[in-house]
Amino acid sequence: MIVWREQKMSVGNTMIDADHRYLMCLINTVELALRSESYRDVIDIVLEQLEQYAREHFDREEKLQVELRYIRYDQHAQRHRELLRELDQIRSRVQALATPEAAAAIAGEIAQLLRHWLVNHIFQEDMLLKPLFSQQRR
Ligand SMILES: [Fe+2]
Ligand SMILES: [Fe+2]
């Protein structure tokens, strides 16, 4: 399970924080789905939802960066494209699973990959936006 920690994880923008919280919620849902006996019925839908929401979130974040004339916009946007490719790879691994036992066996590992996938990006790249957001509020 991944839990939102306001103090540590907030980038100081309500919309972006809400997106990050929802992405964490979807990652927890992926883990629960993989541990479920009937994972086949839900896992594709959950992963599709995660990918779609990640795309929407990245678009929203990039638009904000353009508005705020963020100097590292290009690198950040490129990192978002890489993250989507990484997500695709994780998705392929999950889709190749054949049985509920196989899914349950790697549920923890997949959840950990997804947690790092999101949280590392928040800490390493999204946090750099925090000064821009606090200027904007003044
Ligand atoms: Fe983000
Ligand atoms: Fe980002």
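**A close look around H121**

Author: Let's begin with a pair of side chains: H121 and D126 are joined by a polar contact of 3.0 Å. Please keep in mind that this is a predicted model.

Where does H121 sit? H121 belongs to helix 5. Its relative accessibility is 4%, so H121 counts as buried, the limit being under 20%. D126 is buried as well.

H121 has a second polar partner. Its side chain and that of H80 make a polar contact of 3.1 Å. Along the chain, H121 and H80 are 41 residues apart, while their C-alpha atoms lie 8.9 Å apart in space. H80 comes from helix 4, which runs over residues 73–95. With a relative accessibility of 0%, H80 is counted as buried, because that value is under 20%.

Which residues surround these two histidines? Setting aside neighbours within four places in sequence, H121 is in contact with E61, H76, R79, H80, L83, H116 and D126. With neighbours left out in the same way, H80 has contacts with F58, E61, E62, H121 and D126.

Several of these names come back when we turn to the metal. Which residues coordinate the iron ion (ligand 2)? The donors are E61 through OE, H76 through NE2, H80 through NE2, H121 through NE2 and D126 through OD, at 2.0 to 2.3 Å. If you trace them in the sequence, their spacing reads E-x14-H-x3-H-x40-H-x4-D. A further iron ion (ligand 1) lies 3.5 Å from the iron ion (ligand 2), and E61 coordinates both of them.

Now follow helix 5 to another residue, W117. W117 has a relative accessible area of 6%, so it falls under the 20% limit and is buried. Its side chain reaches the backbone oxygen of L83 at 2.9 Å. L83 is also on the contact list of H121. For a sense of distance, W117 and E31 are separated by 86 residues in sequence and by 14 Å from C-alpha to C-alpha.

Let's step over to the nonpolar side of the interior. The largest nonpolar core has 41 residues, and those that touch the most other members are M24, V30, L34, I43, L50, I110 and L114. Two or more residues of this core come from each of helix 2 (14–34), helix 3, helix 4, helix 5 (100–124) and helix 6 (130–137). To see one of these residues up close, take I43: not counting residues up to four places away in sequence, I43 touches V30, A33, L34 and V94.

Helix 3 covers residues 39–67, 29 residues in number, and its first and last C-alpha atoms are 41 Å apart, close to the expected 42 Å. Helix 2, with 21 residues, reaches 31 Å between its end C-alpha atoms, close to the 30 Å expected. At the start of helix 2, a side-chain oxygen of N13 comes to within 3.1 Å of the backbone nitrogen of M15.

Just after helix 3 there is R69, which has a positive phi of about 50 degrees although R69 is not a glycine. R69 is part of the loop between helix 3 and helix 4. Is R69 buried or exposed? Its relative accessibility is 73%, so R69 counts as exposed, the limit being over 50%.

Finally, here is the whole chain around the site. Its secondary structure consists of six helices and zero strands, giving the pattern α-α-α-α-α-α along the sequence. The radius of gyration is 16 Å, close to the 14 Å that the globule rule gives for 138 residues, so the chain is as compact as a globular protein of that length. Along the principal axes, the C-alpha trace spans about 55 × 25 × 20 Å. Buried residues account for 44% of the 138 residues. Of the contacts between residues at least 6 apart in sequence, 72% join residues at least 24 apart.

Key. Residues numbered from 1 in each chain as written. Chains lettered and ligands numbered in written order. Predicted model: local features only at pLDDT ≥ 70, side-chain atom pairs only at ≥ 80, totals over all residues. Heavy atoms only, no water. Helix = DSSP H or I, 4+ residues; strand = E, 2+ residues; numbered from the N terminus. Expected span 1.5 Å × (residues − 1). Buried < 20%, exposed > 50% of the residue type's maximum accessible area, 1.4 Å probe, protein only. Polar contact = N/O pair within 3.5 Å; in protein donor to acceptor, adjacent residues only side chain to side chain. Contact = heavy atoms within 4.5 Å. Donors = N, O, S within 2.8 Å, 3.2 Å for Na, K, Ca; no water. Core = buried A, V, L, I, M, F, W, Y, C linked by side-chain atoms within 4.5 Å. Rg over C-alpha atoms; globule rule 2.2 N^0.38 Å.
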